[in-house]
Amino acid sequence: MTRFGSLRRASEQLHVSQPAISEAIRKLERELGVTLLDRHRSGARISLAGRELLQPIVDVLESVDRLKAAAGDQLATRRLLRIGTVNAGTASLVLPAVRAFQAANSRAAVEVRNLQQDEIHVSLTEGTLDLGLVNLLDGDDVPPDLEATALLVGRPAAVLPAGHPLAAQAEVSADDLRGERFVAMRSGYLMYRFAHRLFGSDLPAAWHSTDGAEMGKMMVAEGIGLTVLPDYSVLGDPLERAGLIVTRPLVGDTTVVTMVALHRRQARVSPAVLEVLGHLRAQGLAFACRPLMAGVA
């Protein structure tokens with residue numbers, strides 16, 4: 001009011017109704033126990049007590065503005081970005097994307113959690129995750145409150161120790177795998193569902209289980225058994241690069257596996273989530289081009 005000359009002009013400039021401003025001033029008067037405005041039929045003017053308290057009030061308001069600005073800066077630069085991922089996407093996509101995000105946001109903090117697909121869905125819906133990476137088989141649906149961005153498309157493949165006799169074959173059949181010790185993903189993982197689709201009721205006699213692709217690949221490298229994983233989860237893996245494990249296509253199988261990034265379907269997605277999503281898409285594109293580039297070379 002002291003700046004604009006009247007409550008009416010103040011309400012117009014601040015885009016707040018005049019009754020709302022008047023009520024806010026009355027509440028402040030009750031809290032302070034003083035009269036800030038002298039009210040007359042001709043209008044209201046700031047009182048003597050109001051003039052004496054004007055500068056302290058301005059100081060408090062400016063301090064609040066500075067506090068809000070500082071809090072906003074802290075949230076923008078230090079907000080924890082929470083990513084949930086199934087094992088298959090950690091090395092090939094998530095870690096390079098996090099590294100690129102960190103390079104541009106040195107003060108940002110990132111939490112990466114290896115989870116099962118259902119856990120990722122629930123955590124995204126509850127708001128305890130910002131992004132989630134999951135694999136989808138043909139026909140799988142994304143929950144309606146989540147939005148999916150495709151990152152990689154591949155095929156299930158047999159994963160074998162490099163020196164295994166089946167590695168000499170161009171393709172591996174379900175019958176080939178039935179005759180071997182098999183390492184399955186535990187119930188709740190997508191490749192657990194695929195293994196049961198592949199073998200039907202006739203499962204391998206020796207059936208081990210584990211949590212996630214990373215442990216599955218290590219078990220294969222150690223000669224504990226064979227497994228089936230999305231081909232993109234093995235290509236470029238340190239164990240594959242070291243020549244310890246190899247993949248072979250499955251005879252007659254046309255299943256498509258897609259890795260997608262999920263986030264909550266909402267009107268406004270945070271800039272940090274959009275930035276990491278951009279890095280994930282870039283990593284997915286670069287990763288998908290690696291076999292072609294190697295073939296051209």
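In the predicted model, helix 2 exposes Pro19, Arg30 and Glu31 on one side, whereas Ile21, Ser22, Ile25 and Glu29 of this helix are buried. Viewed down the axis of helix 2, the buried residues fall within an arc of 100°, so they line one face of the helix. An α-helix has 3.6 residues a turn, so residues three or four places apart point the same way. Just after the end of helix 2, Gly33 adopts a positive phi of about 75°.

The open sheet is built from five strands arranged in the order 4-3-5-12-6, with mixed pairing. Its edges are formed by strand 4 (109–114) and strand 6 (146–154), each of which pairs on one side only. On average, and with direction ignored, neighbouring strands of this sheet are turned by 25° against each other. Within the sheet, strand 3 (residues 80–85) pairs with strand 5 (residues 131–137) in the parallel sense over three bridges, and Leu131 in strand 5 is the bridge partner of Ile83.

Two helices that pack on this sheet are described here. Helix 5 (residues 117–126) packs on it with contacts to strand 3, strand 5, strand 6 and strand 12 (257–264), and the direction of helix 5 makes about 140° with that of strand 5. Helix 7 likewise packs on the sheet, where it touches strand 5 and strand 12, and its direction makes about 5° with that of strand 5.

In helix 7, which covers residues 190–199, the buried residues are Leu190, Met191, Phe194, Ala195, Leu198 and Phe199. These residues cover an arc of only 150° around the axis, which puts them on the same side of helix 7. Just after helix 7, Gly200 takes a positive phi of about 65°.

For Phe199, a polar atom of the Arg178 side chain lies 3.1 Å from the backbone oxygen.

Definitions and conventions. Residues numbered from 1 in each chain as written. Predicted model: local features only at pLDDT ≥ 70, side-chain atom pairs only at ≥ 80, totals over all residues. Heavy atoms only, no water. Polar contact = N/O pair within 3.5 Å; in protein donor to acceptor, adjacent residues only side chain to side chain. Buried < 20%, exposed > 50% of the residue type's maximum accessible area, 1.4 Å probe, protein only. Helix = DSSP H or I, 4+ residues; strand = E, 2+ residues; numbered from the N terminus. Arc of directions from axis to C-beta. Pairing = 2+ DSSP bridges. Axes fitted to C-alpha atoms, helices over the stretch in contact; angles between N-to-C directions. Contact = heavy atoms within 4.5 Å.
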